[in-house]
Amino acid sequence: MSESVRLSAWVHGYVQGVGFRWWTRSRALALGLVGHATNARDGRVHVVAEGPRPACEMLLDLLRSGDTPGRVDLVVESWEFARGGLSGFEER
């Protein structure tokens, strides 16, 4: 079993008002991840996902794939140990 991690990804580009958070939630749930996708005031979306590292890496690859709603210019990621306390995957 793979160790559980937390991915924090700041997604830059045209990612608000285009279904990006819904799309991210759908992909995260399909990968068995928990967390949230939250709009930031500056136009970015902050994605926090916890689960097995391979699943989080797959979500990160999807965020960078060019197949998202809107337009992703840059994804800045950070990794840490899972903190827990999350259930489901929310759009915020």
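This is a predicted model: local features need pLDDT of at least 70, side-chain atom pairs count only at pLDDT 80 or more; totals for chains, interfaces and linings use all residues.
Author: Residues are numbered from 1 along each chain as its sequence is written, and side-chain values use heavy atoms, with hydrogens and water left out.

Reader: Why are α1 and α2 called roughly antiparallel?

Author: The axes of helix α1 (residues 20-30) and helix α2 (residues 53-63) come within 10 Å and cross at roughly 150 degrees; angles over 145 degrees count as roughly antiparallel, and therefore α1 and α2 are given that description.

Reader: What makes the contact between α1 and α2?

Author: With contact meaning heavy atoms within 4.5 Å, F20, W23, T24, R27 and A28 of α1 meet L59, L62 and L63 of α2. The residues of this contact divide into six nonpolar, one polar and one charged.

Reader: How do you know whether V11 is buried or exposed?

Author: Buried means under 20% relative accessible area and exposed over 50%, with partly exposed in between (1.4 Å probe, protein chains only); V11, which lies in strand β1, has 0% relative accessibility and therefore counts as buried.

Reader: Which residues have the most contacts inside the largest nonpolar core?

Author: A nonpolar core is a set of buried Ala, Val, Leu, Ile, Met, Phe, Trp, Tyr and Cys residues joined through side-chain atoms within 4.5 Å. The largest has 20 residues, and those with the most contacts inside it are V11, L33, V47 and L63; α2 gives the most to this core, with five residues.

How values were computed: Axes are lines fitted to C-alpha atoms, for helices over the stretch in contact, and angles run from 0 to 180 degrees between N-to-C directions. Helices (H or I, at least four residues) and strands (E, at least two) are DSSP runs, numbered from the N terminus. Angles under 35 degrees count as roughly parallel, over 145 as roughly antiparallel, 65 to 115 as roughly perpendicular and the rest as oblique. Ala, Val, Leu, Ile, Met, Phe, Trp, Tyr, Cys and Pro count as nonpolar, Asp, Glu, Lys and Arg as charged, and the others, Gly among them, as polar.
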